[in-house]
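Here is a short note for a colleague who is opening this entry for the first time. Please keep the sequence and the structure in view while reading.

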Amino acid sequence: MSNELLTVIEYLSQSRSISRESIVKALENAILSASRKSIHPASDLRIKIDPPTGKIQAIAVLEVVDGIPENSDQITIAKAQEVYPDVKPGEKIEWEVTPSNFGRIAAQAARQNLSQQLRRAEKDNVLEEFSSRVGQIIYGTVNKIENNGNIIIDFEKTEGVLPVREQIKEEKYTNGDRINALLLRIDTNTSGPALVVSRTAPELVVRLFEREVSEIHDGVVSVKGIAREAGKRSKIAVASTDPKVDPVGACIGLRGTRVKRITDELGSERVDIVPYEEDLAAYVTNALRPAQVQSVKVDEENHSLMVIVNEDQSKVAFGRKAQNVRLAGKLVGWTIKLCDETSKERAPSIEKQMKIAAGKLSDALGITQSDAAKLVANGFVTVDGLKAAEDAALESVEGIDLAALRAALENIG
C-alpha cells in the first residue's frame, strides 16, 4: 500500500497542481471520515500519513487512568507506561490504534472519499493562488460554452466562469479562443468553477490603460473616473502630476497606438479620454466632448448641472440614444440637464417640459411618475426612444424598475 499511495500522491500533485502537503492532508481526512467505525472509537482521533514512506497510522488521544478504563478515551497506566515510562494518571497521550487490516480500509476510503477532499484542497489552492489578483486581468482559454450561455474558461491551474451578465453581447467565442477578463471574485463554496470573471466591468478598462500606458503604471498619470456601457462606449478621466506630461496624449499614444490596442481588446468599443479638472464646470465641459459647451450652471442643492449648448450642438451633446450625456453624468457623478442657447433664459419651462414628458411616458406605459421622471432625466423622452434603446442603456438608469418597464414596452407592442 505504501508504494501505491506514494504514486497516487505524486500523480495527483502533478496533474491537479496541488501541493503534496495538501494531497496528504486530503487523504488523511478522507480516510478518517470513511474508517471511523473500523478503528478505535476514541473521540479525539486522527490519521497520520508519513509522506516519505507512505505509512498510514491511526492515532488516538487517550487519558491515562489508574484502574479500569471507563470509556474508549482512556488507557490504563500500566499499558501507557510501556511506551511512555514517565507518564502519570490524568495525563493525555497519543496512542497508535491502527488496525491490522488498515491498508485495505484506507484504500477503500481513498476511493470513496478522496474526490470531495481534493475538491476542497483545489479550492484552497485556488484561493491562495488568485486572492491577490482580484480586480486584475487574468488570461485563459475558452473551454466550454454552457447551455445557459455561461462561458467556462481554463486558467491552467483552475477553471473560471464568465456569466452571461458579465459578457459583452457583441462578442462571440468558440472553444479554444483566448480570452482576457477581470477577476471579480473567488467563490470557493460552489461545486463549479471558483473564479468569477467579467468583460463588462468598468475596472477592466482601467486595468487595460494601466497595462498599456507606462505613465499610469509609473504614477505620473492617474485615472480619476470611469463610466462605461460595455461594448458601446466608455469615458475615462485622467490627470497628470507632471505639468510637462499631457495625460490625454499619454493615453492615446503615438499615432493613437495605445488607445487602439485597448479598443481592439474591447471589441472596438469607443473610448473617450477626458482631461480631469477640479473645477466642476470645466470637468463636465470636458466630459461632454465632442460637444461645445457655452456655459454651466451648478445646482448644489439638487446635485445637478444645467449645461447650455448652441442649438446645433444639442444633438452632439446628447449623443446617440442620449449616450454621451448619460456617460458624462456618470463620470462626473452629477445629473446633467441640457438645454440649447435659445432656451437658457427659460430654464423653469425646461423643468416643466420634463415633467410633461414624464407624465406622458407614465400614462403611455403605465409606470410610476417617479420611474418616468428618471427616464426623462437620462434622455429617454419618448416610447419610440425607449424601444430603440439598448438593454445596457436602460440598465444604467439608476433606481428604475427595469422588469416593469420591459413588461410595459412589450404590452404596447
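How many aromatic pairs does a search of the whole structure find? The first point takes this up, after a word on the basis.

This is a predicted model: local features need pLDDT of at least 70, side-chain atom pairs count only at pLDDT 80 or more, and totals for chains, interfaces and linings use all residues. Residues are numbered from 1 along each chain as its sequence is written, and side-chain values use heavy atoms, with hydrogens and water left out.

1. The aromatic pair. The search finds 1 aromatic pair. Rings of Phe, Tyr and Trp (its six-membered ring) pair if their centres lie within 6.5 Å; planes under 30 degrees apart count as stacked, over 60 as edge-to-face and the rest as tilted. The centres of the Y276 and Y283 rings are 4.8 Å apart and the planes stand at 75 degrees, so this pair is edge-to-face. Y283 is buried, at 6% relative accessible area, while Y276 is partly exposed, at 24%. (Buried means under 20% relative accessible area, exposed over 50%, partly exposed in between, with a 1.4 Å probe and protein chains only.)

2. The sheet. Three strands form an open sheet in the order β10-β11-β12, with mixed pairing. From one strand to the next, the twist averages 20 degrees. Helices (H or I, at least four residues) and strands (E, at least two) are DSSP runs, numbered from the N terminus. Two strands pair if DSSP finds at least two bridges between them.

3. Inside the sheet. β10 and β11 run antiparallel and are joined by 8 bridges. G225 has A237 of β11 as its bridge partner. The two strands β10 and β11 form a hairpin with 3 residues between them, and G231 in the turn has a positive phi of about 85 degrees. Of the 8 residues in β11, 7 are buried.

4. Helices on the sheet. Which strands does α5 lie across? Helix α5 (residues 202-212) lies across β10, β11 and β12, at about 145 degrees to β10. Helix α9 (residues 280-287) also packs on the sheet; α9 touches β11 and β12 and makes about 155 degrees with the direction of β12. Axes are lines fitted to C-alpha atoms, for helices over the stretch in contact, and angles run from 0 to 180 degrees between N-to-C directions.

5. The α5 and α8 crossing. The axes of α5 and α8 (residues 257-265) come within 10 Å and cross at roughly 140 degrees. The two helices are therefore oblique to each other. (Angles under 35 degrees count as roughly parallel, over 145 as roughly antiparallel, 65 to 115 as roughly perpendicular and the rest as oblique.) Contact (heavy atoms within 4.5 Å) involves residues including L208 and F209 of α5 and V259 and I262 of α8.

6. Backbone points to check. Most residues other than glycine have a negative phi, and most peptide bonds are trans. R289 and P290 are joined by a cis peptide bond, with omega about 20 degrees. P290 lies in the loop between α9 and β13 (293-299). H303 has a positive phi near 55 degrees and sits in the loop between β13 and β14 (304-309). K321 has a positive phi near 55 degrees, in the loop between α10 (314-318) and α11 (323-332).
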